[in-house]
Amino acid sequence: MADHLVEAVNVTKAFGHHEVLKGIDLTVDRGEVVCLLGPSGSGKTTFLRLINQMETLTGGRIRVDGELIGFKEVKGRLHVRRDADIARQRARIGMVFQRFNLFPHKTALQNVIEAPITVRRKSRAAATAQARTLLETVGLADRADYYPAQLSGGQQQRVAIARALAMEPELMLFDEPTSALDPELVGEVLTAMRDLAAHGMTMIVVTHEMTFAREVADRVVFMDDGVVVEAGAPDEVLLHPQEERTRTFLRRVRQDAEQELEAARALETLEELGELSDPPGASGPEPGEDPERRRVH
């Protein structure tokens with residue numbers, strides 16, 4: 001068994017003449033939670049996409065459980081893996097995106113069983129039993145027959161987490177999983193992620209949720225301009241950063257959080273004054289009813 005579940009060595013990635021990653025060295029041990037922080041454009045998402053082979057390395061090496069990702073090394077030379085071999089490697093890694101990417105015409109349960117049946121060739125009965133267990137794990141046992149349009153953003157993201165877990169991955173990658181959610185829905189997704197971490201799932205999480213990073217991460221890595229600027233225990237990096245770029249980023253995050261809090265308080269005041277209300281007759285389709293059927297043609 002490899003010492004590290006994930007090992008990245010001098011990883012570079014360029015799009016044309018634009019160098020996005022400039023020599024990333026990073027290891028993640030089995031059962032470890034590592035949070036990647038940094039401003040937009042720092043290369044965090046690109047790094048995740050390289051691990052999951054949604055992009056191709058320009059240089060360097062990435063290994064998962066000791067196996068070289070995307071390439072095979074034969075007599076000192078690299079050879080691109082065949083599509084079937086790449087698919088096998090990808091199946092060991094789950095990824096949750098900013099957007100939920102659920103099939104709109106399938107229920108929560110149907111979204112979760114799709115990949116195990118089509119990729120892993122599980123029986124429908126076995127996949128369904130597993131999916132119901134996973135939906136219960138993320139707190140959605142009573143939403144199995146709901147379509148995405150009938151679920152809140154937080155519920156849809158939890159379905160996406162259950163869908164990724166259905167492939168029984170060794171590693172979970174999260175790319176800003178709460179950034180597209182309304183503030184009041186963020187907590188339910190972070191709770192599901194905390195539960196995963198508590199059960200020993202190896203996770204690499206790109207996030208701006210500083211409280212989550214401090215409470216759940218084993219290590220925090222701050223990236224900027226395609227390089228790792230600072231890394232260490234959460235309290236070290238978040239409370240006592242050594243690099244000026246880290247300090248500047250954390251100040252901006254705190255300022256943004258304060259502005260969001262002020263906006264939320266203003267919204268609560270308006271609601272208390274009765275100036276905001278839902279339009280009448282805004283009821284949606286019943287659970288299990290395909291939303292498409294309600295459209296007027």
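Two strands pair if DSSP finds at least two bridges between them. Helices (H or I, at least four residues) and strands (E, at least two) are DSSP runs, numbered from the N terminus. The model is predicted: local features need pLDDT of at least 70, side-chain atom pairs count only at pLDDT 80 or more, and totals for chains, interfaces and linings use all residues. Residues are numbered from 1 along each chain as its sequence is written, and side-chain values use heavy atoms, with hydrogens and water left out.

**Exercise 1.** Find the bridge partner of V64 in β5.

*Solution.*
- Start with β4 (residues 59-64), which pairs with β5 in the antiparallel sense over two bridges.
- The partner of V64 is E67.
- Now place the pair in the open sheet, whose four strands run in the order β2-β1-β4-β5 with antiparallel pairing.
- β2 (18-28) and β5 (67-68) are the edge strands, each pairing on one side only.

**Exercise 2.** Check the span of helix α4 (residues 124-137).

*Solution.*
- The expected span is 1.5 Å times one less than the number of residues.
- For the 14 residues of α4 this gives 20 Å.
- The end C-alpha atoms are 20 Å apart, which agrees.
- After α4 comes G139, with a positive phi near 80°.

**Exercise 3.** Work out which residues of α4 are buried, and where they lie.

*Solution.*
- Buried means under 20% relative accessible area, exposed over 50%, partly exposed in between (1.4 Å probe, protein chains only).
- A127, T128, Q130, A131, L134 and L135 are buried.
- Seen down the axis of α4, the buried residues fall within an arc of 165° (taken from the directions from the helix axis to the C-beta atoms), so they line one face.
- An α-helix has 3.6 residues a turn, so residues three or four places apart point the same way.
- Exposed A125 and E136 sit on the face of α4 turned away from its buried side.
- The buried residues of α4 pack against α3 (108-118) and α5 (153-165), where contact means heavy atoms within 4.5 Å.
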